[in-house]
Amino acid sequence: MPEKPSVLFVCVHNAGRSQMAAAWLTHLAGDRVEVRSAGSAPAETVNPAVVEAMREVGIDIAAETPKILTVDAVKASDVCITMGCGDACPVFPGKRYLDWTLKDPAGQGVEAVRPIRDEIRTRIEGLIGEIAPETATG
């Protein structure tokens, strides 16, 4: 792994799961990891229930906007994590690909988004342990 690994989260609309995952990784890993998110068919705005669910845990993603998935974003990332976008993510040799099966929060209220948010946090904590563990040297 390079000194500062980069992670790209991809879902269809880049309005829910990938936004939550990017926010958690930024929040929990700080500047140890470079974080990107994108969608194969981005929505106009981030899902308001997702914004609310993240606000409940002290993370503000209200200013985020869905972005289109680009080949360059994939090339620039060490780890690509897809969340239900099927084959839309281009595959390059030497990259690590993970597919996280998560419920789609689209059209759901904040009550339905909370368990998805919490599952994503658990997965992000595991990911950080793999790619950017805290080191004893300072």
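Visitor: What should I know before we start?

Guide: The model is predicted, so local features need pLDDT of at least 70 and side-chain atom pairs count only at pLDDT 80 or more, while totals for chains, interfaces and linings use all residues. Residues are numbered from 1 along each chain as its sequence is written, and side-chain values use heavy atoms, with hydrogens and water left out.

Visitor: Okay, what makes Glu-52 and Arg-55 a salt bridge?

Guide: The rule asks for a side-chain nitrogen of Lys or Arg within 4 Å of a carboxyl oxygen of Asp or Glu. Here the closest N and O atoms are 3.2 Å apart, so the pair qualifies. A search of the whole structure turns up 10 salt bridges.

Visitor: Where do Glu-52 and Arg-55 sit?

Guide: Both are in helix α2, residues 48-56, three residues apart, which is about one turn of the helix. Helices here are DSSP runs of H or I with at least four residues, strands are runs of E with at least two, and both are numbered from the N terminus.

Visitor: Why is Glu-52 called partly exposed?

Guide: Buried means under 20% relative accessible area, exposed means over 50%, and partly exposed is in between, using a 1.4 Å probe and protein chains only. Glu-52 has 33%, so it lands in the middle class. Arg-55, at 44%, is partly exposed too.

Visitor: How do you know that Arg-123 and Glu-119 form a salt bridge?

Guide: Their closest N and O atoms are 2.8 Å apart, so they pass the 4 Å limit. Both lie in helix α4 (residues 110-131), four residues apart, about one turn of the helix. Arg-123 is partly exposed at 27%, and Glu-119 is partly exposed at 34%.

Visitor: What else does helix α4 hold?

Guide: Arg-121 and Glu-125 are both in α4, four residues apart, and their side chains meet in a salt bridge at 2.7 Å, N to O. There's also a network of salt bridges linking Glu-56, Arg-114, Arg-117 and Asp-118.

Visitor: Why is the pair of Phe-9 and Trp-100 called tilted?

Guide: The search of the whole structure finds one aromatic pair. Its ring centres, those of Phe-9 and Trp-100, are 6.1 Å apart and the planes meet at 50°. Rings of Phe, Tyr and Trp (its six-membered ring) pair if their centres lie within 6.5 Å; planes under 30 degrees apart are stacked, over 60 edge-to-face, and the rest tilted. At 50°, this pair is therefore tilted. Phe-9 is in strand β1 (residues 6-11) and Trp-100 in the loop between β4 (96-99) and α4, 91 residues apart, so the pair links distant parts of the chain.

Visitor: What makes β2 and β4 edge strands?

Guide: Four strands form an open sheet in the order β2-β1-β3-β4, with parallel pairing. β2 (34-39) and β4 each pair on one side only, and that puts them at the edges.

Visitor: How do you know that β3 and β4 pair?

Guide: Two strands pair if DSSP finds at least two bridges between them. Strand β3 (residues 79-82) and β4 have four bridges, so they pair, in the parallel sense. Cys-80 stands opposite Tyr-97 in β4.
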